[in-house]
Amino acid sequence: FMVSAGVATALAAFAVNLSVENISGFKFWATLTIMEGGNLLGSFLAYVAMNAALVTASVAITLYVGPAAAGSGIPDVKAYLNGVDVPYIFHFNTLVAKVVGAVGSVAGGLAIGKEGPFVHAGAAIAAIVSQGGSGSARLGWMRHFWNDRDRYDMVACGTAAGVAAAFRSPVGGVLFALEEMTSWWKNQMLWLAFFTTAVVSVAIRVLMKACSSNGCGFFGSGGFIIFEIQEGQDTYEFFELLPMLLLGVLGGLLGSGFIAMNARLSEWRKRNLAPLGRRGRLLEGLAISVLTSTLSFMVPLLVACTACPPGSEGACPRTDNLHSGNFVKFGCRCAGAYNDLATLFFNTQDDAIRNLFSSKTKREYTVSALLIFSTIFYFLATLTYGIFAPTGLFVPSILCGAAYGRLVGIFVADMHPGHYIDEGTYALLGAASFLGGAMRLTVCTCVMLLELTNNLALLPLIMLVLLVAKAVGDGTGIKPVYEVQMSVKGLPFLQPQPEAFMRHITAKECCGRPPVTFSRVEKVRSLVETLRSNHHNGFPVMAHGVDGERHICGVVLRQQLLTLLATGNRSMQATPAISENSSRAALSYSVPEFSKPMSDPVPRCDEGVLAPGALSPETLEMYLDLGPFLNTSYHVVQEDAPLSKIYQLLRTLGLRHICVIPRCALVVGMITRADLL
């Protein structure tokens with residue numbers, strides 16, 4: 001199944017990259033060709049119209065096909081791996097909207113990336129493959145995987161596959177799933193995720209080989225990020241540590257500022273745009289597209305052209321109007337001149353990053369161009385991330401950080417003209433600093449950048465910048481971007497460690513209202529009324545012991561009760577007596593029958609079998625023996641247990657609820673590690 005999921009993820013990533021590269025290539029070719037014909041206004045209108053059409057189509061597909069595909073999807077998948085079954089995120093229509101919408105939003109020139117949606121798409125593909133379909137439309141012969149344990153493993157491996165497909169970084173994908181996505185980890189999942197990313201890596205290389213002879217239109221060698229820095233700066237002087245530390249500080253502050261501004265903007269969207277419905281979302285996407293297109297077209301026209309640097313690789317200015325490479329002419333009338341700001345705007349983001357990372361390209365970009373680009377792109381990314389379309393944050397973070405990192409590299413080179421200072425190295429460190437400041441990821445980001453650049457000599461520098469950026473970002477008190485987005489969406493997320501005050505609160509104090517319980521044999525009418533009156537997921541089942549006292553004998557889940565009510569002829573009885581017939585009836589059920597379809601919403605209290613009139617009056621007077629269906633090995637804590645311990649149990653074991661019982665007086669025995677061995 002992981003081979004199938006890996007190959008499917010690679011095919012989806014290849015299709016997205018191929019589409020984005022060809023659509024963007026045609027867009028840039030048409031815009032620059034019309035401009036060279038002397039029609040500046042026509043060129044501008046064509047550029048704006050093409051971008052607006054692509055972005056509007058992306059928003060429309062997300063709205064009407066799969067609304068759960070909006071955003072990057074990483075917060076939703078992370079919430080699922082933390083124990084929250086977010087509705088619709090793994091449905092097939094969501095996957096379609098994610099893949100197709102990512103093409104439109106990225107090719108439409110927005111300041112977002114496609115790598116975040118790849119993570120969601122990889123998780124959705126793994127979920128659909130493992131479940132034999134999405135939602136209730138599942139293949140019955142896949143029922144062996146209809147359980148939470150296998151679902152969790154598959155989704156975690158799918159997130160690793162998505163990163164591996166987006167960045168061609170198999171080891172970085174495994175570390176991303178380990179460091180950022182999962183709440184608990186096991187060794188089996190490690191090698192399974194590594195195996196999946198290996199399959200993705202091989203499949204991607206096979207597919208890219210098919211396009212190596214320019215048989216895929218504008219695709220060529222682009223599309224998949226790989227930034228070779230073989231001839232870059234591999235040594236550094238002691239005085240360079242200070243500007244590198246400053247890069248880390250700058251990345252931490254800018255990343256935290258991005259998170260804070262985007263969170264406020266997301267709250268504003270919820271208050272003002274959500275009530276407008278689909279029309280408001282479409283108009284928002286159209287407005288941001290027009291603003292982005294106008295700035296990226298008009299601002300380069302205000303910048304003076306730059307003379308071609310001596311000894312530059314490739315033609316300067318560029319003789320073709322393709323979408324990759326440096327030295328875009330963009331209206332420069334003088335021979336031997338190019339527009340360095342247009343070179344950044346009129347390229348795909350992957351090619352712009354490749355240009356910024358390139359080594360031995362001193363003075364290819366002016367200070368003013370880098371300053372203008374980093375400022376505009378920073379605020380455009382803040383404004384764009386959160387529109388109702390598939391949007392990612394990885395590539396905008398890398399691009400913005402690379403721009404101000406190269407700017408710092410220019411200043412360092414000017415201050416020390418007698419030393420070899422490569423601006424591309426500082427661009428890479430700037431990208432690392434922004435990623436560390438916004439996402440607060442260290443190990444996986446470090447490995448991903450090393451796999452992207454294929455240069456191990458930069459390892460100590462990347463580690464230093466990442467650690468400083470993360471420390472500064474954490475010091476601001478602002479949470480990482482994906483946790484903030486989870487809070488904005490209202491997704492409950494348990495942090496790795498409980499708060500300190502939880503040590504002073506007991507389980508009994510935290511319980512609140514008395515639990516809703518059932519007797520072992522319960523009338524159907526009572527079950528239906530109880531399920532209609534609350535949304536609880538688990539119910540303790542009580543029974544009378546030999547001494548006449550009531551004691552808990554197990555826990556029954558809401559989904560189990562709904563299944564039993566829907567198949568009443570198999571399990572119901574006419575009398576409240578406990579008999580062997582109920583045990584025999586339980587053998588006719590299989591565990592997958594009680595499994596809720598993955599990411600399906602919980603039925604409302606007036607839907608399905610709970611709807612008024614769904615069950616006949618005769619059925620409501622029947623009885624149901626819950627004994628054979630109980631989980632008798634339920635998790636419990638004693639009433640004086642500290643809340644911090646309960647927190648750790650719920651998070652590390654992935655529990656949804658836990659029973660609180662009085663302190664017991666008897667001890668049956670003790671189990672030690674030696675007993676297990």
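1. Basis of the values. The model is predicted, so local features need pLDDT of at least 70 and side-chain atom pairs count only at pLDDT 80 or more, whereas totals for chains, interfaces and linings use all residues. Residues are numbered from 1 along each chain as its sequence is written, and side-chain values use heavy atoms, with hydrogens and water left out.

2. Nonpolar patch. Val-3, Val-7, Leu-11, Trp-191 and Phe-195 make a nonpolar surface patch of about 460 Å². Patches consist of residues with over 30% relative accessible area and no salt bridge, where like charges are joined within 9 Å and nonpolar side chains (Val, Leu, Ile, Met, Phe, Trp, Tyr) within 5 Å; accessible areas come from the Shrake-Rupley method with a 1.4 Å probe, and for residues only the protein chains shown count as cover. Helix H1 (2–36) and helix H8 (187–210) each supply at least two residues of the patch, with the largest share, three residues, coming from H1. Helices (H or I, at least four residues) and strands (E, at least two) are DSSP runs, numbered from the N terminus. Leu-11, found in helix H1, counts as partly exposed at 44% relative accessibility, given that buried means under 20% relative accessible area, exposed over 50% and partly exposed in between (1.4 Å probe, protein chains only).

3. Helix H8. The 24 residues of H8 should span 34 Å at 1.5 Å a residue, and the end C-alpha atoms are 36 Å apart, which agrees; the expected span is 1.5 Å times one less than the number of residues. Among the buried residues of H8 are Met-189, Leu-192, Val-199, Ile-204 and Leu-207. The cover over the buried residues of H8 includes H1, H6 and H7, where contact means heavy atoms within 4.5 Å.

4. In one of them, the side chains of Glu-483 and Lys-78 meet at 3.8 Å, N to O. This pair links distant parts of the chain, with Glu-483 in helix H18 (residues 481–489) and Lys-78 in helix H3 (residues 74–81), 405 residues apart. Both Glu-483 and Lys-78 are buried.

5. Lys-186 forms a salt bridge with Asp-153, the closest N and O atoms being 3.2 Å apart. Because Lys-186 lies in the loop between helix H7 (170–181) and H8 while Asp-153 lies in helix H6 (residues 148–167), the pair ties together parts that are 33 residues apart in sequence. Lys-186 is partly exposed, with a relative accessible area of 29%, whereas Asp-153 counts as buried at 8% relative accessibility.

6. The unreviewed UniProt entry places the feature "domain: CBS" at residues 511–571 and 630–677; UniProt positions are given in the numbering used here, feature names are shortened, and annotations may be inferred rather than shown by experiment. Over residues 511–571 the chain is 39% helix and 33% strand, with the end C-alpha atoms 33 Å apart. Over residues 630–677 the chain is 29% helix and 12% strand, and the end C-alpha atoms are 29 Å apart.

Conventions: Salt bridge = Lys/Arg side-chain N within 4 Å of Asp/Glu carboxyl O.
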